[in-house]
Amino acid sequence: MSTTSFPPAAWLPMVPDGSRWIDSSLRFFLPFKALSRRFRRKFRTGLCELFEHNRLQFHGSLRQLASPGAFSRFLSQLGQKDWVVYAKPLFDGAEHVLNYLARYTHRVAISNHRLVAFENDRVSFRWRDYAHGGKQKVMTVSAQEFLRRFLLHVLPSGLVRIRHFGLFANRKRSAALERCRALLGMAAAVDPPEPPSLRCPACSAIMLVVERLTCA
């Protein structure tokens with residue numbers, strides 16, 4: 001009887017003990033099971049809220065779900081099934097995703113250059129019609145409607161736009177990044193010194209020196 005030995009690295013699992021860098025799979029995008037459960041929960045919650053506010057209509061064979069008891073049993077059945085969520089990276093690549101998200105995380109709801117006019121309590125602004133080839137058009141709405149749309153982009157109290165997890169969590173970011181650089185054999189990052197800048201007393205923006213006037 002003979003036995004064959006293998007090197008430990010060939011069969012031992014990768015343990016995340018902080019002693020080495022473990023690459024993720026190139027095929028990994030999102031945890032599909034967790035995404036499926038979360039999507040199912042949000043969908044059921046949305047259906048329940050619509051039902052409580054009488055905003056659902058039942059026709060044909062679905063009329064039997066109009067009663068609260070039948071609808072509750074229907075939601076319970078939905079919760080017992082595994083939902084399939086189809087997710088994949090965008091064809092345009094990661095740069096397109098970052099540019100798209102940056103418009104929402106680092107900018108306001110509408111930039112100033114899109115505002116055209118404000119006359120007679122009506123606001124005109126530019127918008128892009130992606131349903132017709134991305135053509136730029138001008139829309140005019142009342143000031144009240146413009147403010148309503150603008151406030152839809154204001155986050156509720158207690159929510160923040162950007163949250164950092166894992167390596168970039170605020171409590172351990174510096175130590176975690178230093179450990180990663182050491183495992184990857186990278187040099188420590190040195191932040192360049194920021195040049196002193198003057199701030200506008202009105203809007204707090206950085207003031208640029210155009211010309212210096214002296215007594216000479």
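User: What share of the protein's 216 residues counts as buried, and how do you know that a residue belongs there?

Analyst: In this predicted model, 10% of the 216 residues count as buried. The test is a relative accessible area under 20%.

User: Why is L184 called partly exposed?

Analyst: L184 has a relative accessible area of 41%. Buried would need under 20% and exposed over 50%, so L184, at 41%, lands in between and is partly exposed. You'll find L184 in helix α6, residues 173–184.

User: What makes up the largest nonpolar core?

Analyst: Seven residues: L47, F51, F58, L65, F71, L75 and L78. Core members have to be buried and joined through side-chain atoms within 4.5 Å. Helices α2 (32–52) and α3 (68–79) each give two or more residues to this core, with α3 providing the largest share, 3 residues.

User: Which residues does L65 touch, leaving aside neighbours within four places in sequence?

Analyst: L65 is in contact with F51, F58, A70, F71 and F74. Contact here means heavy atoms within 4.5 Å.

User: How many helices and strands are there?

Analyst: The protein has 6 helices and 5 strands, running α-α-α-α-β-β-β-α-α-β-β along the sequence.

Methods. Residues are numbered from 1 along each chain as its sequence is written. This is a predicted model: local features need pLDDT of at least 70, side-chain atom pairs count only at pLDDT 80 or more; totals for chains, interfaces and linings use all residues. Side-chain values use heavy atoms; hydrogens and water are left out. Helices (H or I, at least four residues) and strands (E, at least two) are DSSP runs, numbered from the N terminus. Buried means under 20% relative accessible area, exposed over 50%, partly exposed in between (1.4 Å probe, protein chains only).
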